[in-house]
Amino acid sequence: MDAMLLYSETPNLHTHTLKVAVVHAADFDGEFSFEVFRRTIARRLHLLDPLRYQLVDIPAKLHHPMWLEDCPVDLDYHLRRVQVPAPGSRRELDQVIGEIASTPLDRSRPLWEFHFAEGMADDRFALIGKVHHTLADGVASANLLARLMDLAGSGQDERDDYVTCEPPTKIELLRAAGRDHVQHVAALPGLMRDAVRGIARVRRRARERIELPGMAKMFKTPPTFLNHVVSPVRTFATASLSLAEVKETAKHLGVTFNDIVLVMAAGGLRELLLRYDGRADQPILASVPVSTDRSADRITGNEIGGLAVSLPVQIDDPLERVRMTSVATARAKEDHDLLGPKLQGQMMEYLPPQLTAALFRWQSKRAAHNRIMNVAVSNVPGPRERGHIGGAPVSEIYSVGVLSAGSAFNMTVWSYVDQLDIAVLSDNQTFNDIHEATDAMIHAFGEIRRACGLAELTTVGTAMAPATAGG
């Protein structure tokens, strides 16, 4: 999976992720500054192992690249300062983040950058992390961020030095690749047997189910304004909801937290489809990543599978959308488990490096339609305790993944302390104003609560003031 996220990167489809921590320094004892942040990173770098990894290619690309661990890190290169334009509100910060997201990472260096955003209103700063997806998935990123922050009741091991290692020789790389190939050949019969059995289980279960009209089908995704050849320029928008209100809504309706996130996405996307396409008459497919390893100690790698969830954007009634989404999610999870949660990642071990990268490059330039997904929606559980960086409190955390060929919409929600922080990533050819997307999500969640007879949404006091489309 890590290697696939390298091969799938092209000039217009970057595969870095964004991690944004907003620091509210109004009550900070002293002056919160770039120097404070730089010192914090420097003294905790030995805890942030993936930030000291560097790619090493196998000679002649005879196998997937390897990580060289414990590499020296040039903080003057990786830590950067950026000015947020006046008045320094959420809208201006989102614009800066989009600009940062629009350029790829340099593969000759460790695959990350941190941008220290200054000039924000109300004594706020933003730490914008651009980290390659091949280094860490959502769960690993959350654990990595926890090591960077001071969480309540946790001590931090800080130091100024760390061990560095020597790069391997070509002979050592080829020997390692050879050993791995032998292991893969030995494992292939068992993997094929598991795949055949998994597919048979999924097909058998599909025949047993009652056919429900209005459910999207794999490989039959409808065309939408969100699906086109993606440009290299990124746009970014954020919003915050009360975590307690999201949990209250899920409990009231008897569905899961993740169901509510997906229903919100369905309602918001319905509003956007009606505005841009003039219709929302067919369900669409969302790709929803799921973690196969939620260990609190894991800070690197991609231990993920994927659900294909039907989003009932064609349904006007919000409560019927809840019912349909809950059924679709349950079926997608069941299929995922029947197929084998780790099968997708295991199959990717056999991707041929040169051919796979070439196919992804070809696809990225031509894919105006994605047959397996319309949009990507992720839900990542973040820290439940207020974190501090350099002694200053982190008020919000936003995270978002990547755009795929033919799909210019990725929404990631990150729960943090008492809020649900929403981030939307797109390109510059999809929306007139990217904040239309976050507005639509807020509208959709409010619509669900009104349909339930619950109280109107409240403003999250710990977050930045909202940014609305056209504002």
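Me: At what angle do α8 and α12 pack, and how far apart are their axes?

Reply: Keep in mind that this is a predicted model. For a helix pair, start with the angle and the axis distance. Here α8 and α12 pack at about 120°, with their axes 8 Å apart. Angles of 65 to 115 degrees count as roughly perpendicular and those over 145 as roughly antiparallel, so α8 and α12 are oblique to each other. The crossing of α8 past α12 is right-handed.

Me: Which residues of α8 and α12 meet there?

Reply: On the α8 side, the list includes Ile260, Met264, Gly267, Gly268, Glu271 and Arg275. Their partners in α12 include Ala437, Ala440, Met441, Ala444 and Ile448. By class, that contact has 13 nonpolar, three polar and three charged residues.

Me: Now α7 against α12: what are the angle and the axis separation there?

Reply: Helix α7 (residues 243–253) packs on helix α12 (residues 435–452) at about 45°, and the axes are 11 Å apart. That pair is therefore oblique too, but α7 passes α12 in a left-handed crossing. In α7, Glu245, Val246, Glu248, Thr249, His252 and Leu253 meet Phe445, Ile448, Arg449 and Cys452 of α12. The residues of this contact divide into five nonpolar, two polar and three charged.

Me: Which residues of α7 are buried, and what covers them?

Reply: The buried set is Leu243, Glu245, Val246, Thr249 and Ala250. The cover includes β8, α8, β14, β15 and α12. Just past the end of α7, have a look at Gly254, with a positive phi of about 70°.

Me: Why do the buried residues of α2 line one face of the helix?

Reply: General idea first: an α-helix has 3.6 residues a turn, so residues three or four places apart point the same way. In α2 (residues 34–44), the buried ones are Phe34, Val36, Phe37, Thr40, Ile41 and Arg44. Looking down the axis of α2, these buried residues fall within an arc of 165°, so they line one face.

Me: And in a strand? Is Ser378 buried or exposed?

Reply: For a single residue, read the relative accessible area, where buried means under 20%. Ser378 lies in strand β11 (residues 375–381). Its relative accessible area is 13%, so Ser378 is buried. Leaving aside neighbours within four places in sequence, Ser378 is in contact with Pro289, Met411, Thr412 and Val413.

Terms used. Residues numbered from 1 in each chain as written. Predicted model: local features only at pLDDT ≥ 70, side-chain atom pairs only at ≥ 80, totals over all residues. Heavy atoms only, no water. Buried < 20%, exposed > 50% of the residue type's maximum accessible area, 1.4 Å probe, protein only. Helix = DSSP H or I, 4+ residues; strand = E, 2+ residues; numbered from the N terminus. Arc of directions from axis to C-beta. Contact = heavy atoms within 4.5 Å. Axes fitted to C-alpha atoms, helices over the stretch in contact; angles between N-to-C directions. Parallel < 35°, antiparallel > 145°, perpendicular 65-115°, else oblique. Left-handed = near helix turned anticlockwise from the far one by under 90°. Nonpolar A, V, L, I, M, F, W, Y, C, P; charged D, E, K, R; others polar.
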